[in-house]
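I opened the notebook to record what I looked up in this structure. The entries follow the order in which I went through it.

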Amino acid sequence: KLLIMAAATDGIGNLVHKVKLGLQTKDPQILGILVAVIVVIASILLLILRRRKNLRRGILIMGLCDSGKTLLFSNLLHNKSVQTYTSIKDNSGYLSISSKGNLRVLDIPGHERLRAKFFDQFKSAARAVVFVIDSVTFQKEIRDVADFLYNILTDPVVSFNCPPLLILCNKQDQAMAKGAVFIQSQLQKELNTLPFYTCQTNCRVP
């Protein structure tokens, strides 16, 4: 085994030496081989990344209780409004999009004791996340909203996959609703007060 390892090591050493020599002399054969190797490696990496993305077929609808997640879910999938109550389990259904195929839409309960459990269950399948905010109660719930959003953005799985994130300012038709620009500004300020927010997440809040 030692002799085989030594021979293999010598072979690799000779190969590296030839490559270095070829680069120094600009040998077209060596340069062509290197370009081909780089192209093959890049193609394999792109294929792996594309397959990983295709395996993620879920759209997660998340937010605090009473923000309007289930009503949004019903309108998206069934094109109708329904009377809703605080969810204690996830709602799911399939939405057909011509360019993307069938995507699974998941309405995640917003209750503090339940949302982490369902988020952990479905986060690895998230192709996109819709974070719903109640524009009427936003100002008094801003800390809870920011904490929840922070936990999503800094989650290791979400940080690695970095799915697109849409922040939906709901109930804009009501008189006491805060505008989207105001919500974005205040939410960003609140997020910046949380520890390590800037350095721990690679995802961008739109």
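**Entry 1: disulfides.** I counted a disulfide as a pair of cysteine sulfur atoms within 2.5 Å. The model is a predicted one. By the disulfide rule I got a count of 0. Cys65 is partly exposed, with 25% relative accessibility. Cys169 has 16% relative accessibility and counts as buried, because the cut-off for buried is under 20%.

**Entry 2: the chain as a whole.** I noted 8 helices and 5 strands. Along the sequence their order is α-α-β-α-β-β-α-β-α-α-β-α-α. The chain has 206 residues, and 34% of them are buried.

**Entry 3: strand β1.** How many residues of strand β1 are buried? I found that 6 of its 6 residues, 58–63, are buried, so the strand is largely enclosed by the rest of the structure. Then I checked which way the residues point. Gly58, Leu60 and Met62 point one way from β1, while Ile59, Ile61 and Gly63 point the other way. In a regular strand the side chains alternate between the two faces of the sheet. In β1 the residues pointing either way are all buried.

Next I looked up the partners of β1. With strand β3 (residues 101–107), β1 pairs in the parallel sense over 4 bridges. In that pairing Leu60 stands opposite Leu106 of β3. With β4, β1 also pairs in the parallel sense, over 6 bridges. There I found Gly63 opposite Val132 of β4.

**Entry 4: the aromatic pair.** A pair of aromatic rings is described by the distance of the centres and the angle of the planes. I searched the whole structure and found 1 aromatic pair. The two rings belong to Phe131 and Phe148, with 5.4 Å from centre to centre and 70° between the planes. I wrote the pair down as edge-to-face, because planes over 60 degrees apart count as such.

Which parts of the chain does the pair tie together? Phe131 is in strand β4 (residues 126–134) and Phe148 is in helix α5 (residues 138–153), so the pair links parts that are 17 residues apart in sequence.

**Entry 5: charges over rings.** Phe148 came up again here. The charged end of Arg115 sits over the ring of Phe148, at 4.2 Å from the ring centre. I noted another such case at Phe182, where Lys178 lies over the face of the ring, 5.7 Å from the ring centre.

**Entry 6: the cavity.** I counted 1 cavity of 30 Å³ or more. The volume of the largest cavity is about 40 Å³. Which residues line the largest cavity? I listed Leu64, Ser67, Phe131, Val132, Ile133, Asp134, Glu141 and Val145. Phe131 of the aromatic pair is therefore in this lining. Both β4 and α5 supply at least two residues of the lining. The largest share, 4 residues, comes from β4.

**Entry 7: a pocket.** I moved on to the second largest pocket, with a volume of about 280 Å³. Its lining has 13 residues, and those nearest the pocket centre are Glu112, Arg115, Asp147, Phe148 and Asn151. Helices α4 and α5 each supply at least two lining residues. The most, 5 residues, come from α5.

I looked up Glu112 separately. Glu112 is in the loop between β3 and α4 (115–122). Glu112 and Phe148 are 36 residues apart in sequence, and their C-alpha atoms are 9.1 Å apart in space.

**Entry 8: strand β5.** Last I looked at Leu166, which is in strand β5 (residues 165–170). Leu166 is partly exposed, at 45% relative accessibility. How far apart are the C-alpha atoms of Leu166 and Val129? I noted a separation of 6.3 Å for these two residues, which are 37 residues apart along the chain.

Note on methods:
Residues numbered from 1 in each chain as written. Predicted model: local features only at pLDDT ≥ 70, side-chain atom pairs only at ≥ 80, totals over all residues. Heavy atoms only, no water. Phe/Tyr/Trp six-rings, centres within 6.5 Å; stacked < 30°, edge-to-face > 60°. Lys NZ or Arg CZ within 6 Å of the ring centre and 35° of its normal. Buried < 20%, exposed > 50% of the residue type's maximum accessible area, 1.4 Å probe, protein only. Pairing = 2+ DSSP bridges. 1 Å grid on protein atoms, 1.4 Å probe; cavity = no way out; pocket = protein on both sides within 12 Å on 5 of 7 lines; lining within 4 Å. Points joined across faces, edges and corners; volume = space filled by probe spheres on them.
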